[in-house]
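I opened the model to look up its salt bridges, its cores and its strand pairing. My entries follow in the order I made them.

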Amino acid sequence: MSVAAPSSLLKVEEIQGRGRGMVASQPLKAGQIVLRDSPILLYSALPLIPQSLSSSSSTLASSFCDHCFRTLPSSLQGDSSSSAVLCPSCRHYRFCSSNCLSKALNSSHSSWVCQALSHFQANSPLLGHPLELQVQAQFLIAAYNLANISPSDFQILLSLHGSPDDATISAAQFLHPLISSLCSIAPIGLQNVFSLELTSALLAKDKHNAFGLMQPVSVDDGQRSVRAYGIYPYASFFNHDCLPNACRFDYVDSNPPDGSNNTDIIVRMIHDVPQGREICLSYFPVNENYASRQKRLMEDYGFTCNCDRCNVESNWSDNDDTIEEDNAEDGEEVMDEEDQYENMAASDTDNNNDFPHAYFFLRYMCDRPNCGGTLAPLPPQVDSPSNVMECNVCGKLKSDDEQDEAPMED
């Protein structure tokens with residue numbers, strides 16, 4: 001299938017052993033925005049079914065708009081605030097404005113979606129099942145709704161990478177009877193669409209292509225959870241690398257000044273790359289160790305990573321057990337991966353080609369505790385590169401000449 005280029009900066013190419021990927025059409029500069037992508041589908045990452053049916057509805061209420069997923073002002077959170085903009089039918093789902101509600105009723109929260117979600121909440125067929133199945137059920141409702149409201153976007157979803165595996169087939173076998181039970185209340189155009197094969201295919205597309213939109217950083221522990229998932233048709237073509245040359249930013253709680261949507265994701269270059277170089281993202285925080293990265297990539301995406309960093313660290317991994325045993329006997333503390341990078345960089349100022357990723361960790365990894373984000377320069381002004389780096393997780397700004405922290409403002 002031929003795929004149109006998302007911009008003049010990038011092109012989609014077949015890459016040997018990696019499938020389709022994004023390649024630079026021209027030299028790219030650090031901080032340059034190479035993609036701004038809008039989702040064709042969004043759905044909540046929060047539980048569909050409360051853990052306890054006896055819980056108060058104020059406890060169950062989402063803190064986010066159920067259309068654009070902005071954090072709701074405190075006056076709109078809670079059970080039945082008079083200022084809350086509620087769905088007029090179910091009186092459960094909340095929206096940040098009447099405008100968002102109007103958009104939702106014609107798209108993400110159509111009459112069928114409202115009835116389907118209300119049916120699951122009232123009858124609790126998913127009660128007691130893992131959160132993952134509840135989130136997958138919400139995805140399937142959103143995906144089948146997309147087939148009805150935008151058949152062209154639904155075909156784009158089906159064209160994305162991903163084939164059913166044992167896990168998605170098992171999930172589909174459980175979820176499909178629940179979803180197909182909603183056939184009687186579905187629009188006529190949807191009633192002949194439901195099938196087990198299609199449900200399996202959709203879950204595979206979701207598994208391989210969904211991007212998480214993150215909640216604000218917790219003031220208690222610095223952690224960040226997912227508030228929603230989205231399918232972004234162009235961003236899904238970025239392959240993974242454990243030392244990425246680009247990273248993606250989302251600004252869900254901001255008000256974009258240029259007319260773009262708050263749920264758009266932006267991909268910026270971390271450093272300069274030449275024309276023809278593949279542009280890669282990391283699918284998770286770059287500070288995960290070799291074993292953890294390989295496990296996640298195999299379980300979630302079905303491949304083993306052979307990037308330069310993994311090739312180096314696999315040699316460390318071969319000796320991990322021996323080193324840990326020897327150090328345990330000697331009462332010595334095992335050096336973690338980040339300490340290894342720092343020591344290598346400190347002892348090798350010439351940036352030895354055997355360990356080029358030591359420099360990456362020191363230059364492009366956020367040093368805020370519990371963050372794990374990646375730093376990329378702010379977009380250059382005309383031809384002048386920015387000396388200010390922004391973290392794509394916590395929003396910290398860090399200047400080359402100042403070490404002071406400054407949170408990103410909307």
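**Salt bridges.** I began with Asp-165, which is partly exposed at a relative accessible area of 27%. (Buried is under 20% relative accessible area, exposed is over 50% and partly exposed lies in between, with a 1.4 Å probe and protein chains only.) Asp-165 makes a salt bridge with Lys-207, and their closest N and O atoms are 2.7 Å apart. I took a salt bridge as a side-chain nitrogen of Lys or Arg within 4 Å of a carboxyl oxygen of Asp or Glu. Asp-165 sits in the loop between α5 and α6 and Lys-207 in helix α7, 42 residues apart. Lys-207 is also partly exposed, at 24%. By this rule I get 12 salt bridges.

The model is predicted: local features need pLDDT of at least 70, side-chain atom pairs count only at pLDDT 80 or more, and totals for chains, interfaces and linings use all residues. Residues are numbered from 1 along each chain as its sequence is written, and side-chain values use heavy atoms, with hydrogens and water left out.

Next I looked at Arg-268 and Glu-390, a salt bridge with the closest N and O atoms 3.0 Å apart. Arg-268 is in strand β11 (265–269) and Glu-390 in strand β14 (388–391), so the bridge ties together parts 122 residues apart in sequence. Arg-268 is buried at 3% relative accessible area, and Glu-390 is buried at 2%. Helices (H or I, at least four residues) and strands (E, at least two) are DSSP runs, numbered from the N terminus.

Arg-309 bridges to Glu-313 at 2.7 Å between the closest N and O atoms. Both residues are buried. Shared partners join Arg-293, Arg-309 and Glu-313 into one salt-bridge network.

**Cores.** I then asked which residues touch the most other members of the largest nonpolar core. They are Leu-41, Trp-112, Phe-120, Leu-157 and Leu-202, out of 49 residues. (A nonpolar core is a set of buried Ala, Val, Leu, Ile, Met, Phe, Trp, Tyr and Cys residues joined through side-chain atoms within 4.5 Å.) Helix α4 gives the largest share of this core, 11 residues. Apart from it lies another core of 25 residues, among them Phe-237 and Met-269.

**Strands.** Strands β4 and β8 (226–231) run antiparallel and are joined by 4 bridges. I counted two strands as paired if DSSP finds at least two bridges between them. The open sheet here has 3 strands in the order β4-β8-β7, with β4 (41–44) and β7 (210–214) at the edges.
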